[in-house]
Amino acid sequence: MSWKEVFENGVGCFRDGKLSEALLYMNQAIELQRNDPRIYDSRAAIHEKLGNLKAALLDSKKVIDLAPAQWQGYTRATRIFISLGKYASATKMVDLALTRLQSEDSKHRGQLLELREKSLQAQMTAERKRQSLLAQTAYHVGKLPTEILVEILTILVDADPYQTVRLSHVCSHWRRIIVGTPIFWRTLVLSNRHPVRKTKTWLERSGSRIAKLSVRRALSSSEFPTILAHLRSLSWSYLEALHVHSSFFSELSLLLSGMSMAHLFLNLKQLSLDSCGTVDFTLLPVREWKLRELILVGKTLFPETHWRYLTQLRVLHIRQLPSHFPLSIIEALPLLESLVLDFSVSSRILGAVDRPFRMIQLKSIELRTVENPFNLLGNIDAPILEDLTVFGAVSSVDEALLHVFCDERDSLVSLRLGSCSLSSGTLITVLSRVPYLDTLQIYCIDGVVNETLQFLAGKYPFSRSQTTVQQSLPCPALKHVDVSRCSDLLTSSAHAFVKSRLQSELGANSDAESCHLQSLRTDGCLKMDGDMLQWFRSKVPYFSCVYMTKKEARQRH
């Protein structure tokens, strides 16, 4: 049997719907004649009917290879590409078919144009679906320029250095950026969790340019030698903040003493030392100190010869240091903005001056367990003081406050006093001179709170004949008050104070009230009437009255 007879039998089976038999005949015909495009085109039609689209596409390609000038193979490929969802390829095939079609064949040309329109419509429909799915599942951050994404991630890492590793685990894109950007690795915090491996990784990824080095007390001393060996390669001139504790600081000092010191701490802005004993950086060229913030905790002494070189210091915090504090230190720091002296035992301020130091930038003073605060406050002049805290003073608190507030202080917004001896007259005088006070704390001081709250309520010493709230109330900007642990606080005083701060929202004749006061704490005030607590909570956004803690309750019983 010739290939033409086999081919005709296959065509007959195809017309009768006997697709499997037709496919066998076409395979046999191809074995007998491999170069006739009609056989491959017919077998492609059979595969298309059977759903074997890939096999149909291969046969269509064979048709095009054998008869590239004929349109039939391109047309068949167009239909198959549409079925496969490859609309761009379908449009390309139908365009090739149209170029090969004779101009007078209007019948087939119309069919091909319809096929082309079908392909284009299907392509647009698929694109709309793709865009809709993309809008729901797309990774929009990936479209941001790398520079902008780096800026966003830097804000997160600056707020919390531990976010560096967490953010690098979000996706491969973020990880590539974070691992490859040194700025994310400029803060090294060493504790007991893989400190050596962490040191090596941070130094490698930061290019040895660590801006902040913090060594926690939990770090084992057995790790010191290995860590210090790695730190020898650190570019110390880029270090801006150093926070270390006693034992590590000793080892670090030995390391630094054996290195060239010309570049060390060139840009150091923050230095925090915890129980480091006497600090001695005698090898450091002190003229290069650029410290802005110095924190000394525990038994840490900074040599007095060094203070006169810290002329750029803005923040000085000394905590738990059981020693005296020379007044000469303040004289050496004319640009100081924040001063905290928090002693573990009652300590004295030593020294005296002929006239007060003028601290033109000092905004915050915090004194805790300072034996005589007047020795400090009486020897400085801080014209823009905003925040004053005095806790645990032994004597001369009245004298110190009256010196500071000898005139009206528009700048003061926060006053915190606690655990010290103070007269109500002094406190009332002070409050009459701070019109923009926002926060007031009177903690664990007896004998002053009731008269003070009555004064703030406008009942003393102002005249009752004054009618407007603005005229009768001192400290009109007051929003936060804490009178905790004042054992003699009476409900009537607190009630009068809160009531005086109520303002009518809708007019003078309206019953609707709002309170400018944002918070009131009366914890540990046992004379507060429990029946009135609900009223206070309804008038003040945040009100607290915890009579005693669980520990105190157990001790009483």
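I began with Asp 36, which sits in the loop between helix H2 (19-32) and helix H3 (37-50). Helices (H or I, at least four residues) and strands (E, at least two) are DSSP runs, numbered from the N terminus. The model is predicted, so local features need pLDDT of at least 70 and side-chain atom pairs count only at pLDDT 80 or more, while totals for chains, interfaces and linings use all residues. Residues are numbered from 1 along each chain as its sequence is written, and side-chain values use heavy atoms, with hydrogens and water left out.

**Entry 1: Asp 36.** Is Asp 36 buried or exposed? Asp 36 is buried, at a relative accessible area of 11%; buried means under 20%, exposed over 50%, partly exposed in between (1.4 Å probe, protein chains only). I then looked up its side chain: a polar atom there lies 2.8 Å from the backbone nitrogen of Arg 38.

**Entry 2: the largest pocket.** I noted about 480 Å³ of space in the largest pocket. Of its 21 lining residues, Val 165, Arg 193, His 194, Lys 198 and Trp 202 are the closest to the centre. Helix H9 (163-168), strand S1 (187-190) and helix H11 (195-206) are the elements that each give two or more residues to this lining. H11 supplies the largest share, six residues. On a 1 Å grid over the protein atoms alone, a pocket is an open set of points where a 1.4 Å probe fits, with protein on both sides within 12 Å along at least five of seven lines; a cavity is a set from which the probe cannot get out, and lining residues have an atom within 4 Å of a point. Grid points are joined across faces, edges and corners, and a volume is the space filled by probe spheres set on the points.

**Entry 3: strand S1.** Thr 187 and Val 189 point one way from S1, Leu 188 and Leu 190 the other, and all are buried. S1 pairs with strand S2 (residues 212-215) in the parallel sense over four bridges; pairing requires at least two DSSP bridges. Val 215 in S2 is the bridge partner of Leu 190.

**Entry 4: the cavity.** How many cavities of 30 Å³ or more does a search of the whole structure find? I found one. The largest cavity has a volume of about 30 Å³. Its lining is Val 63, Ile 64, Ala 67, Gln 70, Gln 72, Gly 73 and Tyr 74. Helix H4 (53-66) and helix H5 (72-84) each give two or more residues to that lining, and H5 gives the largest share, three residues.

Key: A polar contact is a pair of N or O atoms within 3.5 Å; within protein, one must be able to donate a hydrogen and the other to accept it, and residues adjacent in sequence count only if both atoms are side-chain atoms.
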